[in-house]
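Student: Could we go through this model together? I would like to learn how the labels follow from the values.
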Amino acid sequence: MPIARTPLHLAPAHRPPRRWLRWMVVVGVLLGVLSPLALSAPPAEAASTALTNGGFESPQIGGWTTNAPSSSWTFTNNAGIQHNGSAYSSGLDAPEGTQTAFLQGNGSLGSMTQTPTWAAGTYTLTFQAARRWNSIQPIVVTINGTTVGTYTPTSSSFTTITTAKFTVRAGTQKLTLSATDPTGDRTTFIDNIRLTTATPTTTPTATSTATPTTPTATATPTTTTATTPTVTSTATPTATATQPTSTSIANGGFESPQIGGWTTNAPSSSWTFTNNAGIQHNGSAYSSGLDAPEGTQTAFLQGNGSLGSMTQTPTWAAGTYTLTFQAARRWNSIQPIVVTINGTTVGTYTPTSSSFTTITTAKFTVRAGTQKLTLSATDPTGDRTTFIDNIRLTTATPTTTPTATSTATPTPTTTTSTPKPTATSTATPTATAPPTLDLSQYRRTFSEEFNTLSVTTAHPKGGATWYAFPPYGEAGNYSASRWTPDALSVNGGVLYNRAYRSDGNWYSGNISSVDETGAGFAQQYGYFEARVKMPDSGIGSWPAFWLMTTTTIPAVSPTKVRTHEVDVFEWYGTTNTATNKEALVQQASHNYRADGTQDDSTHLYDTRVEIPNGGYPWQDFHTYGVQIDPQFITWYIDGVRTNQVPTPKDFVTGPYYMMVDYGLGGGWPVSGVVDGSTMQVDWVRAYALPGQ
């Protein structure tokens with residue numbers, strides 16, 4: 001039976017099922033008997049067919065069990081029913097009702113079986129499934145012992161799965177869903193199983209067992225309408241015209257003038273460099289050991305307090321173009337680049353690799369004549385540098401009719417695309433999160449409005465929303481203050497977290513959405529936010545809203561693994577002056593090896609940002625949020641995007657839990673902390689990503 005420790009630790013990656021062997025056996029035994037399996041979706045207005053207790057709402061239980069005899073299902077080995085909020089739930093609620101089934105490996109494959117009576121016909125089975133944390137467990141569906149298909153839920157949010165079609169004779173059938181990977185705590189949650197008539201028939205098939213037939217899948221071309229050029233802050237992939245015509249751009253490889261090191265002054269280079277921008281040669285102090293992909297020199301664009309830019313004024317024929325260039329980040333210093341034509345933004349592009357990759361801009365349209373092409377750094381903080389090389393201009397849609405203006409102008413086009421596999425060693429970076437946030441398509445999964453104070457020092461924490469300490473033990477004593485729930489109070493729907501001095505010691509509060517057993521709310525991908533007013537206090541104040549993977553908790557992962565931390569914000573106090581840099585909010589992503597050391601090769605950001613629409617963090621409430629998806633981590637303040645970096649997938653070893661604390665110190669003396677100062681939290685919320 002499943003071990004009642006929660007959450008259970010991750011096991012080594014499983015071996016994919018040998019589907020080819022399974023199908024050879026099935027086909028060899030049942031040849032001539034089975035009718036075709038189809039991968040297509042059921043037709044419209046398909047008739048529902050009875051399946052008992054597909055939502056696992058009976059019997060109602062308080063936690064989890066592998067013994068539910070009145071549930072209409074027979075559970076075997078590591079399989080059963082669990083209720084929302086149980087030790088098994090991982091903070092994931094059932095999509096239908098309040099209970100789900102679970103199928104686990106862990107040395108003894110779990111399965112569940114029901115024997116319904118169906119009319120003769122062709123059916124599909126639909127159900128919702130989610131993985132538990134990072135533990136992928138493929139599920140095989142069989143009818144009367146014959147495999148219908150194997151399905152692998154890859155999301156920690158529930159998604160809908162529809163099986164292939166299968167055909168049966170009238171009578172009692174044996175429906176079984178089984179785990180397939182016996183290694184470790186690999187668990188899939190199942191809910192809302194429904195049977196649907198796909199192609200009803202009055203003629204019984206040759207056998208009463210399910211009979212698979214040849215799977216088919218057809219890709220259908222789709223027609224979409226796109227607007228070009230993308231005169232926006234994000235890149236839109238566009239198809240170029242057949243046999244595109246090259247158009248002149250001078251010194252796109254930055255080979256002139258030849259220099260021995262690096263320079264910000266290259267007057268004969270055909271480019272005008274401003275501020276922290278210039279040319280560097282292979283092997284220079286600037287190169288970081290990275291050679292130019294074309295020739296021996298590249299341009300560089302840096303922030304470091306004064307944004308670098310480079311400009312050229314070529315003469316082009318009227319037409320629609322794209323710009324292609326190769327770019328790489330310097331070390332781990334991500335520097336987004338904005339491309340403008342005649343002052344109009346074509347797009348902002350973020351090289352995320354320290355190797356050169358190819359970027360193609362959105363289309364843009366110009367009149368005949370001299371144009372002003374500019375590439376600029378966008379992030380002024382620190383030594384954040386992007387290398388640029390091999391810039392080329394290509395005609396996308398030639399035209400002999402000048403457009404109405406000499407600036408980049410959007411032109412609608414219709415593009416028909418046929419899906420086909422492609423392979424390339426380069427990538428065009430695109431942002432998955434918008435510059436401003438719209439939560440209308442997100443599903444809220446957690447909401448704490450602080451109408452009451454629901455915090456406990458007990459673990460398991462039971463029905464309390466918050467645990468009063470960091471859940472990972474002694475390592476949570478990072479503050480110069482001592483954590484105490486006595487520092488916490490609620491008034492008027494606001495949490496007050498007070499730093500105060502008593503008996504020669506500092507005290508303040510911490511709340512965590514999980515406890516030391518791992519019980520509580522955690523979510524792998526999604527959007528997390530809090531509305532906070534910082535304490536009106538000095539240097540040494542260190543409030544934070546941050547996320548950690550549950551694999552940092554010893555009870556969850558007794559074996560140390562790589563872990564990940566995302567700081568939605570940290571703040572280091574202020575002297576209440578407009579020029580004080582510490583008044584800015586810090587956003588960060590930290591990757592930790594299994595031994596606890598930080599992996600600096602992929603350590604991302606320790607960036608301080610201003611409140612986008614002005615003001616100071618201690619003067620008013622502001623909403624601080626972060627979206628984490630499989631591609632990017634994106635930070636927001638008051639709904640405006642402030643930072644974005646690639647998601648370090650190798651370190652995302654579990655779902656994220658949330659912590660809010662008023663820490664002290666953080667490397668600073670606490671002499672500036674105001675005794676009795678409070679961090680105020682209006683609410684904390686979390687959302688599932690659109691479609692999840």
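Student: Which residue in β40 stands opposite W483?
Tutor: In this predicted model, W483 has S508 of β40 across from it.

Student: What makes β36 and β40 paired strands?
Tutor: Pairing needs at least two bridges. β36 and β40 (residues 505-508) are joined by 2 bridges, so they meet that rule. The two strands run parallel.

Student: And why are β36 and β39 said to stand at the edges?
Tutor: The open sheet has 3 strands in the order β36-β40-β39, with mixed pairing. β36 (482-483) and β39 (500-502) each have a single partner strand, so one side of each lacks a neighbour in the sheet.

Student: Let's turn to the rings. Why is the pair of Y478 and W542 called edge-to-face?
Tutor: Their ring centres are 5.8 Å apart, and the cut-off for a pair is within 6.5 Å. The planes stand at 75 degrees, and an angle over 60 counts as edge-to-face, so that is the name the pair gets.

Student: How do you know whether Y478 and W542 are buried or partly exposed?
Tutor: Buried means under 20% relative accessible area. W542 has 14%, so W542 counts as buried. Y478 has 24%, which lies between the 20% and 50% limits, so Y478 is partly exposed.

Student: How many aromatic pairs are there by this rule?
Tutor: The count is 26. One of them is Y321 with F364, 6.3 Å centre to centre and with 35 degrees between the planes. Stacked needs under 30 degrees and edge-to-face needs over 60, so this pair is tilted. Y321 lies in strand β24 (residues 319-329) and F364 in strand β28 (residues 364-366), 43 residues apart.

Student: What makes Y321 and F364 buried?
Tutor: Y321 has a relative accessible area of 2% and F364 has 0%. Both values fall under 20%, so both residues are buried.

Student: Last one: what makes Q619 partly exposed?
Tutor: Its relative accessible area is 48%. Exposed would need over 50% and buried under 20%, so Q619 is partly exposed. Q619 is found in the loop between β46 (604-609) and β47 (622-628).

Definitions and conventions: Residues numbered from 1 in each chain as written. Predicted model: local features only at pLDDT ≥ 70, side-chain atom pairs only at ≥ 80, totals over all residues. Heavy atoms only, no water. Helix = DSSP H or I, 4+ residues; strand = E, 2+ residues; numbered from the N terminus. Buried < 20%, exposed > 50% of the residue type's maximum accessible area, 1.4 Å probe, protein only. Phe/Tyr/Trp six-rings, centres within 6.5 Å; stacked < 30°, edge-to-face > 60°.
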